[in-house]
Amino acid sequence: MDAAAVAASLMPSWSAVLVLFSYLGYLAGAGAVLPGKLVPGAVLPDSSRLHYRCNGLLSLLLLLVLSTLGVYMGWMSPTVIADRGIELLSATFIFSVIVTFLLYYSGLRSHHKSSSLKPHVSGNFIQDWWLGVQLNPHFMGVDLKFFFVRAGMMAWLFINLSLFAKSYLAGSANLSVILYQFFCAWYIVDYFVHEEFMTSTWDIIAERLGFMLVFGDLVFIPFTFTIQGWWLLRNKVELSLLAAVVNCFIFVIGYLVFRGANKQKHVFKKNPKALIWGKPPKLVGGKLLVSGYWGIARHCNYLGDILLALSFSLPCGTSSVIPYFYPTYLFILLIWRERRDEARCSEKYKEIWVEYCKLVPWRIFPYVY
């Protein structure tokens, strides 16, 4: 594709806008009417707590059924997303910018005193626009932060499925493509199976909703985490049996560590007396968990996440660094986040944190870092 064609595609077409708003409209409607477990969120500083309807898996399955029906009936092409990738990226980016300006100005005018809607204004426009003004803004009853995370994760899967359809129709869906698609699909579907775990993450509990999160959820996750799929669409990679086995091993280990650590953290927050690996949990200062994965490294879930990201890129081979953008970015992000988390925890828990660090000396990588 030449520069002129790229420049032209950066201008979103009406069809791309229609796809985007149809998708977001479906998610809003499905999230409101489909049944799902009502999960209480973390207790906020004013002692209030939000409740989240975790029906993401049902919303995903229904959308898959509707999309399959649409393809079967000839109402839509299975490659509609892959064919309009840059247009959809542009439309979603513009939408994210507009939404964050609306969030900023509506937050400034808010007179709410609750922790969820109370405005936090530093006076620095860039900082407030980037980080957000309100913790949990709503629109027509929809919790926007939870909604955008769901939209980004689900879009990741549907972009991949459209890319797979394009590969299949071109006759290039080989082992590399199948492994990449399977690993990502497993990870995303598993996310929705355990969607309630998201309610106890730092992003939901403490981060305000600004450009950083909106762009990250709606643009960065679906359009950069699929770089490997775009790469495999244009580059044929033949994996050896040994390489495929090693790739599967890394994925399984990463998944077990990532899911296991996050599940232990979530269960502990809900029930501090729940058994971990068949034993009562061991605590430092009655607050910090040092059992299970959390006794191996202070951020063991980050290790699992990095291994998973690596497994998504390994099917692309080693001929280019481009498919390794995701694990590289994630590694840098998690090291930065780990440093930020450590500083906050040190300030919050003081001597308890010092004792905890002595018992669990490794930050992310046991015996390495």
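## Salt bridges across the interface

A salt bridge is a side-chain nitrogen of Lys or Arg within 4 Å of a carboxyl oxygen of Asp or Glu. By that rule, 3 salt bridges cross the interface of domain 1 and domain 2. A salt bridge also joins the side chains of Arg340 and Glu207, at 2.9 Å from N to O.

## Model and domains

This is a predicted model, in which local features need pLDDT of at least 70 and side-chain atom pairs count only at pLDDT 80 or more, while totals for chains, interfaces and linings use all residues. Residues are numbered from 1 along each chain as its sequence is written, and side-chain values use heavy atoms, with hydrogens and water left out.

Domain 1 spans 1–237 and domain 2 spans 239–368; the bounds come from an automatic or database domain assignment. Their centres, taken over C-alpha atoms, lie 24 Å apart. Domain 1 gives 30 residues to the contact and domain 2 gives 31 (heavy atoms within 4.5 Å).

## Buried area

About 2800 Å² is buried between domain 1 and domain 2 (accessible area, 1.4 Å probe, lost by two parts on being put together, summed over both). Carbon and sulfur atoms give 68% of that area. In domain 1, Phe183, Tyr187 and Trp231 lose the most area to domain 2. Together they make up 23% of what that side buries.
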